[in-house]
Every structure is written in C-alpha cells, then in structure tokens.
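Subject: Handover of a structure

Dear colleague,

Please find the structure below, together with its sequence.

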Amino acid sequence: MSTTSAGLAKKLGYTNIKVMLKGVPGWKKAKNKVVASDAHIEKGNIILVDVRPAAEAAKGFIDRAVNIPFDELEDAKDDFPLKAPVVVYGDDAEKAYSMIAKWGLKTVALVDGGLEGYVSRGHALKSGEPDIDVSWERKLGEGEVTLDEFIKASEGKVAEAMILDVRTTDETAKGQYSNSVAIPLDELEGRIAELSKDKEYLIHCSTGARAEMAYAIMKKAGMKSRCLIADVECTAPGECSAD
C-alpha cells in the first residue's frame, strides 16, 4: 500500500504496517512473507498450524491450532483447501510457509515473532493434546460479500449495487470493471460525497486488504457497502477476474 494508505491503516487500528511502493504485485514478486495479526489468529477464518513436534506442542500451543509436525506436513497437503488462509508457527515455520505457498494456497502467513512473540504480547497458551486433523469451512466476515454476488453485480445484474474499486490509479489504468467507480483508498474519505447513498457499494482491491479498510470508512460515513475478500486482476478495460 502507499504511505498514505499505511497512515490510514494505522488510524483504523492496524499494526505492523509496512509500505511497499510497488504495491501488492511488487510485494508478491519480491517473495516477501506475510505476518498475521493476533486478532486474525484468534478470530479469523483460518487454519492455524503448529509445525513443532507433537511432544513440544502438547506443552503449550495457540488455541485453535492443529498440530502437524513439519516432517509430516507434505503428507497432509491434500487436507488443505486451496482457498483456506493458513497461518503457521514453530521452529520450521518459514520452511512450512514456503512449502504451503508452493501448493497453490493463496494466503499463507506467519505468527508475528513466532510462538515466543505471541506469548510476549500477553497471550496465554493451551496445554494438552492439540487437534491433529485439518478442518476448515469458508465463512463470510463482517461486511463481506460473496464472490457470486459480487460477480453478478460486476455484470450489472444487481440494479441497486455498484462496484467500488479502491486500487491505486496506476492499477486501475490497466483496467477495471465496466460497472464500477474508482476511488483510491487514499482518497476515499475526502471523496465519499461523490458516492450515492441510494446505492450499495461492493468494494474490491487486488486482494481484499484495502477493500476491508474501505469498508470501515464507508461504514463510519453511514454508506451502505460490503467488501470482497478475493484476488482481483484486471488486464484491460472491462476485462477483470476475481477468485
């Protein structure tokens, strides 16, 4: 995100914010790793994986974690739904991160500072036998729109809905949905009067991160909106795909 978006994210309560001037594509291309917030670890619709040996995990693990020792992780590949966001921790977390990312899962993250960092921030661990079976079901978060509903709106099949694109101008220059209005996240607060209160805005960016922040701004302003948590890529005017 831009420096302005980073400042906005900080005001909205996000922490551990870093600026990648080349945007999300540049961040991914640079093969940088993603770190999950503690709130996302505790309440997010994720698969939390403890890759330590079972005996070590039994001494204390993060609530909701499934224990799959790193040496056994490759064998569990087919248990991970491709759309499931995964967060890993343990001594081999970075190797596990790289392995899972190669499987094609779109969202993989680390626990900030690992287990030690998590505990140092005042979080308690559970003891006993952690789960060993992966279980995940897609759940919509607050203010989230389904992909099917978003696609229908992008095709103009939902009269009361409009697509709001909050990517940067450089990104939208490469293409955007035909049925959309583009306002970069940095400018949304100052330009919100341009939007109609008679419409529901379905917000997207390239991954969902900026769309979530835009949703918070729209909600605060009393505007009807929902956000899409999905990858969106546009290659030409009116030529966009979401997955």
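This is a predicted model, in which local features need pLDDT of at least 70 and side-chain atom pairs count only at pLDDT 80 or more, while totals for chains, interfaces and linings use all residues. Residues are numbered from 1 along each chain as its sequence is written, and side-chain values use heavy atoms, with hydrogens and water left out.

The sheet

Helices (H or I, at least four residues) and strands (E, at least two) are DSSP runs, numbered from the N terminus. Two strands are said to pair if DSSP finds at least two bridges between them. On these terms there is an open sheet of 5 strands, in the order β1-β5-β4-β2-β3, with parallel pairing. Strands β1 and β3 are at the edges and have a single partner strand each, so one side of each is left without a neighbour in the sheet.

Strand β4 (residues 86-89) is joined to β5 by 3 bridges in the parallel sense, and V88 stands opposite L110 of β5. Between β4 and β5 the chain passes through helix α6 (residues 93-102), a right-handed β-α-β crossover (with the strands pointing away from the viewer, the path from the first strand over the helix to the second runs clockwise). Strand β1 (residues 35-36) pairs with β5 (residues 108-111) over 2 bridges, again in the parallel sense; here A36 has V111 as its bridge partner.

Aromatic pairs

The structure holds 2 aromatic pairs (ring centres of Phe, Tyr or Trp, the last by its six-membered ring, within 6.5 Å; planes under 30 degrees apart are stacked, over 60 edge-to-face, the rest tilted). F80 and W103 form a tilted pair, 5.5 Å centre to centre with 55 degrees between the planes. F80 lies in the loop between α5 (70-73) and β4, and W103 in the loop between α6 and β5, so the pair ties together parts that are 23 residues apart in sequence. F80 is buried at a relative accessible area of 5%, and W103 is buried at 12% (buried means under 20%, exposed over 50%, partly exposed in between, with a 1.4 Å probe and protein chains only).

In the pair of F150 and Y177, the ring centres are 5.5 Å apart and the planes stand at 80 degrees, so the pair is edge-to-face. Both F150 and Y177 are buried.

Yours sincerely
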